[in-house]
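This report describes a single protein chain, moving from particular residues to the chain as a whole.

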Amino acid sequence: MSLTTKSENRCFGGVQGVYAHQSQATGTEMTFGLFLPSAAEQGPVPVLWYLSGLTCTHENAMTKAGAQAFAEQAGIALVFPDTSPRGEGVANDEAYDLGQGAGFYVDATEQPWAPHFKMWHYVAHELPELISDNFAIDRDRQAITGHSMGGHGALTLAMSLPGRYRSVSAFSPIANPTKSDWGRKQLSAYLGADEAKWTAHDSSILMRERGFDGEVLIDQGASDQFLDLLKPEALAEAMAARRQPGAFRMQKGYDHSYFYVASFIEDHIWFHAEHLA
């Protein structure tokens with residue numbers, strides 16, 4: 001697959017790029033951000049995937065999280081995928097939490113979503129292959145993180161693809177979507193009414209059933225305005241029951257915004273750097 005370079009900017013000694021390509025998974029043009037640290041000029045570097053939340057594009061974390069300076073110091077590449085397919089002919093909904101900008105990192109099986117909404121395959125398979133074929137990325141050293149809907153995606157991918165990621169973290173993930181309005185609505189729309197098909201995309205259920213074969217870091221703002229929808233207690237209880245290595249941290253006074261993400265992104269970069277070394 002050929003890449004189109006939309007922009008490349010020098011950033012903390014590395015290069016922050018934005019690229020587009022025609023996706024076979026979604027049948028649309030997809031855009032992603034990629035930060036390559038200066039260490040990539042000498043050879044392949046490890047990679048940290050950042051999955052964004054509802055309404056976001058590749059730009060939100062790329063411009064608001066402040067991750068590049070720490071990734072340059074750690075010698076880690078950062079990938080910022082989009083959150084859904086987009087464009088003319090792609091199904092959408094009037095609500096912000098379904099359709100374009102709300103792919104939920106699943107492969108839709110129901111109409112009208114099935115033709116394009118294949119974000120699981122896109123993030124798990126197509127985009128990693130594309131990036132490793134075109135950039136100095138070490139595919140044997142990968143980690144994953146995300147915010148809100150992206151935290152949900154990061155956790156479910158990490159627990160469903162054993163051996164793929166050396167570490168996983170999340171900022172305020174949608175932790176129990178099969179029991180939340182941020183989940184039941186989308187999973188029923190994308191995957192159908194059979195709730196048994198939803199469990200593969202619920203990190204609290206996956207944590208109890210299989211856990212993660214590495215270390216986990218979860219940060220949750222204690223003043224998050226969406227706590228009732230995120231259901232962090234379900235994931236915390238599942239981690240404790242599983243005796244999952246890692247940490248679940250409630251951060252006093254912090255909400256759901258990128259001010260909160262930016263406040264703790266350094267911790268997450270160095271957490272992953274330790275495991276990617």
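## Surroundings of serine 180

Apart from neighbours within four places in sequence, serine 180 is in contact with Leu229 and Lys231. The model is a predicted one, and the description that follows refers to that model. With leucine 229 the relation includes a polar contact: a polar atom of the serine 180 side chain lies 2.7 Å from the backbone oxygen of leucine 229.

In terms of secondary structure, serine 180 belongs to the loop between β7 (167-171) and α5 (181-191). Serine 180 counts as buried because its relative accessibility is 2%, and the limit for that class is under 20%.

Histidine 152 is placed in helix α4, which covers residues 149-160. Its relative accessibility is 0%, and therefore histidine 152 counts as buried.

When residues up to four places away in sequence are not counted, histidine 152 touches Phe104, Tyr105, Pro173, Ile174, Pro177 and His201.

## Overall fold and dimensions

The protein chain contains nine helices and nine strands. Its C-alpha trace spans about 50 × 45 × 35 Å along the principal axes. The radius of gyration is 17 Å, which agrees with the value near 19 Å that a compact globule of 277 residues would have.

Contacts across the sequence can be summarised as follows. Of the contacts between residues at least 6 apart in sequence, 72% join residues at least 24 apart.

## Burial, surface and charge

How much of the protein chain counts as buried? The share is 60% of the 277 residues.

As for charge, the protein chain carries 20 positive and 33 negative side chains. The centres of these two sets lie 5 Å apart.

How values were computed. Residues are numbered from 1 along each chain as its sequence is written. This is a predicted model: local features need pLDDT of at least 70, side-chain atom pairs count only at pLDDT 80 or more; totals for chains, interfaces and linings use all residues. Side-chain values use heavy atoms; hydrogens and water are left out. Helices (H or I, at least four residues) and strands (E, at least two) are DSSP runs, numbered from the N terminus. The radius of gyration is taken over C-alpha atoms; the globule rule is 2.2 Å times the number of residues to the power 0.38. Buried means under 20% relative accessible area, exposed over 50%, partly exposed in between (1.4 Å probe, protein chains only). Contact means heavy atoms within 4.5 Å. Lys and Arg count as positive and Asp and Glu as negative; His and the chain ends are not counted. The place of a charge is taken as NZ of Lys, CZ of Arg, CG of Asp or CD of Glu. A polar contact is a pair of N or O atoms within 3.5 Å; within protein, one must be able to donate a hydrogen and the other to accept it, and residues adjacent in sequence count only if both atoms are side-chain atoms.
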